[in-house]
Amino acid sequence: MNTDYFKTLLAKRTLSRYNLCKLTGISSGALTDILNKKVKYPRIDTLVRIAKALNLTTDEFAELCGYKNDN
């Protein structure tokens, strides 16, 4: 997961980590573990829940997952 991009997305959408946890149902501990890279490969359903809460486009979702669009 591209944590720097994730933090940028949160700031863009003026959403706190607390609010994201409430929207997604992901515990703050789990989110903290992902952001601190204690969990190297988060489950896809976790990433999808984050993507839905942030209303990400496909390109944004791909970048969140660590893939860059070179176009």
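**Close-up views of a predicted model**

**View 1. Asn-55 counts as exposed, because its relative accessibility is 63%.** Exposed means over 50% relative accessible area, buried means under 20%, and partly exposed is in between, with a 1.4 Å probe and protein chains only. The model is predicted: local features need pLDDT of at least 70, side-chain atom pairs count only at pLDDT 80 or more, and totals for chains, interfaces and linings use all residues. Residues are numbered from 1 along each chain as its sequence is written, and side-chain values use heavy atoms, with hydrogens and water left out. Asn-55 is in the loop between helix 4 and helix 5. Helices here are DSSP runs of H or I with at least four residues, strands are runs of E with at least two, and both are numbered from the N terminus. Although Asn-55 is not a glycine, its phi is positive, about 50°.

**View 2. Thr-14 sits in the loop between helix 1 and helix 2.** Thr-14 is not a glycine, yet it has a positive phi of about 45°. With 70% relative accessibility, Thr-14 counts as exposed.

View 3. Lys-37 follows helix 3, and its phi is positive, near 60°.

View 4. Which residues of helix 2 are buried? They are Leu-20, Cys-21 and Thr-24. Seen down the axis of helix 2, these buried residues fall within an arc of 100°, so they line one face of the helix. The arc is that of the directions from the helix axis to the C-beta atoms. An α-helix has 3.6 residues a turn, so residues three or four places apart point the same way. The cover over the buried residues of helix 2 includes helix 1, helix 3 and helix 4. Turned away from the buried side is a face with the exposed residues Tyr-18, Lys-22 and Leu-23. For Lys-22 the relative accessible area is 59%. From Lys-22 to Ala-53 the C-alpha to C-alpha distance is 9.8 Å, while the two residues are 31 residues apart in sequence.

**View 5. Helix 2 (residues 17-24) crosses helix 3 (residues 28-35) at roughly 120°.** The axes of the two helices come within 10 Å. This angle makes helix 2 oblique to helix 3. Axes are lines fitted to C-alpha atoms, for helices over the stretch in contact, and angles run from 0 to 180 degrees between N-to-C directions. Angles under 35 degrees count as roughly parallel, over 145 as roughly antiparallel, 65 to 115 as roughly perpendicular, and the rest as oblique. The crossing of helix 2 and helix 3 is right-handed. A crossing is right-handed if the near helix is turned clockwise from the far one by less than a right angle, and left-handed if anticlockwise. Helix 2 contributes Arg-17, Leu-20 and Cys-21, which meet Ser-28, Leu-31, Thr-32 and Leu-35 of helix 3. Contact means heavy atoms within 4.5 Å. By class, the contact of helix 2 with helix 3 has four nonpolar, two polar and one charged residues. Ala, Val, Leu, Ile, Met, Phe, Trp, Tyr, Cys and Pro count as nonpolar, Asp, Glu, Lys and Arg as charged, and the others, Gly among them, as polar.

**View 6. Helix 2 packs against helix 4 at an angle of about 110°.** Their axes are 9 Å apart. Helix 2 and helix 4 are therefore roughly perpendicular to each other. Their crossing is right-handed. Leu-20, Leu-23 and Thr-24 of helix 2 make the contact with Arg-49, Ile-50 and Ala-53 of helix 4. This contact of helix 2 with helix 4 has, by class, four nonpolar, one polar and one charged residues.

**View 7. Helix 3 has Leu-31, Ile-34 and Leu-35 as its buried residues.** Seen down the axis of helix 3, they fall within an arc of 95°, so they line one face of the helix. Their cover includes helix 1, helix 2 and helix 4 (44-53). Thr-3 lies in helix 1 (residues 3-12). Thr-3 is buried, with a relative accessible area of 7%. Neighbours within four places in sequence aside, Thr-3 is in contact with Ile-34, Leu-35 and Lys-37.

**View 8. Leu-64 belongs to helix 5 (residues 58-64).** Is Leu-64 buried or exposed? At 0% relative accessibility, Leu-64 counts as buried. Not counting residues up to four places away in sequence, Leu-64 touches Met-1, Asn-2, Tyr-5, Phe-6, Leu-9, Ile-50 and Leu-56. Leu-64 and Ala-51 are 13 residues apart in sequence, and 8.5 Å apart in space, C-alpha to C-alpha.
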